[in-house]
Amino acid sequence: MKTGSHVQSHINKYAKKDISQMYKDFNISDDGYNDQQVRFNRDIYGMNIGDKKIETTLYRFFRSFNNLFSMILLVLIVVSFFTDVIFTSNYRRNGTTCLMLVVIFLISGFVRFVQEMRSKKAVDSLIELINTNVQTRRNGKWQEISSNELVVGDRVKFYAGDRIPADIRLINVNELFVSQSMLTGESLVIEKNADILEQKECTSINDYNNIVFSGSLVIGGSGEGIVLAVGKETVYGEISRNINIRKNGFEKGANSIAGVLIKFIAILVPFVFISCGLVQGNWLSAFLFSLSVAVGLTPEMLPMVINACLAKGSSVMGKKDTIVKNINAMQGFGSMDVLCVDKTGTLTGDKIVLEYYIDILGNESKQVLEYAYLNSLYHTGVKNHLDDAICQVEQMPKFNYLRLLEEYNKLDELPFDYNRKYVSVLCENTLNEKSNLNNENLLIVKGDVETVCKKCTYAEYRGKAYPMDMQSVHHIIDEMQEDGMKVIAVAYKNTNKEHIIPEDENDLILLGYLTFFDAPKKSAQEAIEKLKKLNVPIKVLTGDSKRVAVSVCRRLNLDTDNIIDGENLFELTDDELAILCENTTIFAQLSPKQKAKIIKVLQENGHTVGFLGDGMNDLHAIFQSDVGISAEGATEALQEAADVILLKKDLNVLEEGILEGRKVFVNMSKYIRITASSNFGNILAVVIASVLLPFFPMTSIQLLLLNLLYDVLCLILPWDNVDEELYCKPRDWSGKTLGRFMLFFGPISTIFDLTTFVFLFLWLCPTISGGTFTSLNHESQQTFITLFQTGWFLESMWSQVLILYSLRSKKIPFIQSKPAKPVILVTIIGIILFTIMTIIPIGRFVGLTKMPLSYFAFLLLVVLIYISLVSIAKSWYVKKYKELI
C-alpha cells in the first residue's frame, strides 16, 4: 500500500532525522510532557480518536437516519409539504400530514440511535477492560493513560500483544516485531529498529523500519518511541476515510425492497397524472393527486417498523449475554446460512493441558521439556494457550527451572507468526566450562510439526543424530493427532551467531515432541445439532493440523469425510475452490488470509456467512464475513472489528441469535409485504375511480392519514408471534418476491374497494343526499362527496387492519397460528378508535363525517367476504410458490 502525502511530508521527515531533532522540534524533555504541554499539543494536533472511535456518537446519529427507507420518507415529507401547504389555497391549507411525517422520521431514527448507543456503551465498557491503556512518560514518571489521551510528542512504551495506538517514531527497541496487516492486508511480520532511515524514496509503509503505525500489532519484543501523529492524521486514519470496511448486506436488501416500490411508483404516478388531468381538466389538482398516490403507495412507517424490529431483536440478545454493536447485524443473523468457526476456544475449551514430552521414538524426554520451556519463557511474542501450558511445568516438583534460568540467557529471537508457524529463540550457555555444546550458542525452534520437520536435516535419539525421516515422524505423531492431541515439534542446533535471521532456521536437529489435549466443549455438540436443525451448516477454519481437526470434529459429529489443508488450497483454480468450499466442512492449517479467502468464496457462491473467532489470526475473517462474531476475552482489535460480541463462549448463544434474527426478519417482511400489497390495491382502486368518478374518491390528506393510522397499528408487529416453519431456515432479505406478492394480493383488495365504490355511489350516497351526484346542487354534492370519501376511508382501514390476521401466516388464523396478544389488543382498539374518529371534530377537520348504521352492516359483510377470498387465494399462492412471507 502506498503512503499518502501526509506520510511523505511528515513521517518521512522524522524517519530520516536523528532523534535529537525530534526532541527539539516537539520540545520534549527526559521527563516527558507536563499537563500544560499536553493541552497545548492537543489543541494544535487534535485528539487521538480516529483509531478506535471511528464510529463516534455523531457518526452513529447520522447513520441512524442515513438509509434508503428514511430517504424515501424524507422525500414524502417534501412532497407533502408542497401538496398540502405550498400549492394549496389558504382555505384548504393543512400541514398536519407533513408534521406527522416529520415526527415519524425523527422517531424512526431515534429508535435506532438509542439502541445503538446502548450497544456502544456496553462495548466501550467491555473494551475498557482490555488493552486500551498505554504507558506514557509524563511529569517525570511513567504512567498508564487511555490511548485516547495521547498527544503528538508523547513518549510511550509498548509490548508484545499491544496494538500500536498512534504513528510513532521509535527511539529504543528490544527484538521488536510487528504485523501491519491491518494497514497492508499482508500477514508479513516485520522487524523494527530505531536507526535513522537511509536517504531513499519510500514507496510503502513497510519501508519505514523505524516507524510503527497506528493499528499495527506487536508480535514480539518491546519498543519505545515518540508519537508523530494521532487520530485521523495517522496512516490508519487516512485509510479509514477512504475505505468502507463495514458490511452492506442489510443495505443491499433495503435497496432491493425500495427498488420494487419505486418501480410501482414510477409506473402509477404518470398514469394517474395524465388520466386525471384529461378527465377532470385540472392539471394542477391532477399533479398534486398523483403525488399523493406516490405517498399512498409507500409505507410511511417502514423505517420506524424496521428499526423497531431490529432494536427489539438487539435488546433481546442483550439479555442473553450478547452485545449487538450494529443493529443491522440482527438481519445478518436471520439470513446467515453458513457459520464458519475457529476451532480453539470455540469448539474446544480455553485451557490446554500439556500431556506428554517425548523424544522422536515416543519416550519421555526431559531435554525436550527443558528446551521447550526455554523457548516459551524467553520469546516475547504474543503468548498463547500452548505457551501457558508449557510454563505451568514450573510447578512440577522435579522440574528445576531455576537451574535453566541460571544456565541459559537469551540472546535473540524470531517471533511466531501464522505464516512461519514456529518461534525461534537463541540462548547463550553461561556455564561454558561445564557445557558439552563446544562453547556454541543454542538455537531452539518450536512449532508446527510439518513445518519444523521440513527445516530439520537430522533427528536426535539418545544423543546420536540420524538422517531425517518423515515416515518415522508420522509413525509417532499420527496416532496421537487422531486421538485429538495437538502435537508440536521441538528442534535445535548449535551456532556461533549472536543474532539470528530466518535463514538460520535451517539444518536443524529434531529433538522430540510436545503433546497437548484440547478437549471439545461439552456444550459444543448440542449447539451444533441445534444449528443443523436451523439449516446453518458449520465449517471449521483452523490453523491446526488435519488430524487434530478431524479428531475434534469427529467427536462433535461433524462431517470429516472432506477435508483440505492450506497448502493444497494454493493448487486449486477459482472454479475448483468454489466447488470445494461448498462440499468441505474442515479446512486445516490455514493462514489468516486463507480463512478470509474461504469466506469470500462462500459469499461469491451466494451465501450469507458468519464467522466466530477470538484470536488475531481471525481478524481478516471477521472483516470479510457478513456477521463478524467475537467473544469476551478476545483482543481489542478483534472486538472492535466484530458486529457481535458474545459475553460467553457458547455456540448455544449463536443459535438464539439466529432464531431472534429470523423472527426479526419475518416480522419486518410481514409489514412490508402486507402493507405494500394493501397500499397497491387501494391506490389501484383510486386510480380506476379517479378516471370514472367526477370527483376524487379520497382527498390527499385522507389518503395519507389512512396510511399513517394503519402504520401506527403496525408498530406492534415486532412483538408478534412467528410460526416455527418461518424461522427454521435462513431468510433472504431482499425484494425479489415483493412485486409478485403485491401483484397477487393487491388486486383482490381493489375488487372490494370498487365494490364499495359502486355501493356508495349508486345507493348509499344518493339515498342520503337526495339524488344522483349530477342532479344535486353544489352543497348537496359536497355532502355526497364527504359521505363517499368517509365510506371508502372506513372500508380501506377495516380491510387493511383485519387482513393482517390472514396474511401474517400461511396457516389458518387463530386456529393454527395465533397472533400475539398485544397485536390483537392494539388492532381491535385501533379499529374502534379510528372508526369513532369519523364522528368527532378531528374527523370533520380532514373531511370525514358520520355514517349510517346500514353502512356498517354492508362494511362487515364486505370485510368478511374479502378475508375469506384472501384466505382461499393464500392457499393457492402457498401451494404454487411454497411460501407466503
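**Reading buried and exposed residues**

Student: In which helix does Gly791 have its place?

Tutor: Gly791 is in helix α28, which covers residues 778-807. Keep in mind that this is a predicted model.

Student: Is Gly791 buried or exposed?

Tutor: Start with the cut-off. A residue is called buried when its relative accessible area is under 20%. Gly791 has 0% relative accessibility, so Gly791 counts as buried.

Student: What is Gly791 in contact with, leaving aside its neighbours within four places in sequence?

Tutor: Sequence neighbours are set aside here. The contacts of Gly791 are then Thr756, Leu760, Met851 and Tyr855. Now compare sequence with space. Gly791 and Phe856 are 65 residues apart in sequence, and their C-alpha atoms are 9.2 Å apart.

Student: Let me try another residue. Where is Ile476 found, and is Ile476 buried or exposed?

Tutor: Ile476 belongs to helix α17, residues 470-482. Its relative accessible area is 16%. Buried means under 20%, so Ile476 is buried.

Student: Which residues are in contact with Ile476, beyond its neighbours within four places in sequence?

Tutor: Ile358, Ile360, Leu361, Gly362 and Tyr513 are in contact with Ile476. Take Ile360 from that list. Ile360 and Ile476 lie 116 residues apart in sequence, with 7.4 Å from C-alpha to C-alpha.

Student: Can we read a whole helix this way? Which residues of α29 are buried?

Tutor: Begin with the helix itself. Helix α29 runs over residues 821-836 and has 16 residues. From first C-alpha to last, α29 reaches 23 Å, close to the 22 Å expected at 1.5 Å a residue. The buried residues of α29 are Val823, Thr827, Gly830, Ile831, Phe834 and Thr835. They cover an arc of only 115° around the axis, so they sit on the same side of α29.

Student: What is exposed on the other side of α29?

Tutor: Lys821, Leu825 and Leu833 are exposed there.

Student: Now the surface. Which residues make the nonpolar surface patch?

Tutor: Ile274, Leu278, Val279, Trp283, Ile688, Val691 and Leu692 make the patch, with an area of about 650 Å². Look at the helices next. α9 (249-280) and α25 (651-692) each supply at least two residues of this patch.

Student: Which helix holds Trp283, and what is its relative accessible area?

Tutor: Trp283 lies in helix α10, residues 283-297. Its relative accessible area is 39%. Exposed means over 50% and buried means under 20%, with partly exposed in between. Trp283 is therefore partly exposed.

How values were computed
Residues are numbered from 1 along each chain as its sequence is written. This is a predicted model: local features need pLDDT of at least 70, side-chain atom pairs count only at pLDDT 80 or more; totals for chains, interfaces and linings use all residues. Side-chain values use heavy atoms; hydrogens and water are left out. Patches are made of residues with over 30% relative accessible area and no salt bridge: like charges are joined within 9 Å, nonpolar side chains (Val, Leu, Ile, Met, Phe, Trp, Tyr) within 5 Å. Accessible areas come from the Shrake-Rupley method with a 1.4 Å probe; for residues, only the protein chains shown count as cover. A salt bridge is a side-chain nitrogen of Lys or Arg within 4 Å of a carboxyl oxygen of Asp or Glu. Helices (H or I, at least four residues) and strands (E, at least two) are DSSP runs, numbered from the N terminus. Buried means under 20% relative accessible area, exposed over 50%, partly exposed in between (1.4 Å probe, protein chains only). Contact means heavy atoms within 4.5 Å. The expected span of a helix is 1.5 Å times one less than its number of residues. The arc is that of the directions from the helix axis to the C-beta atoms.
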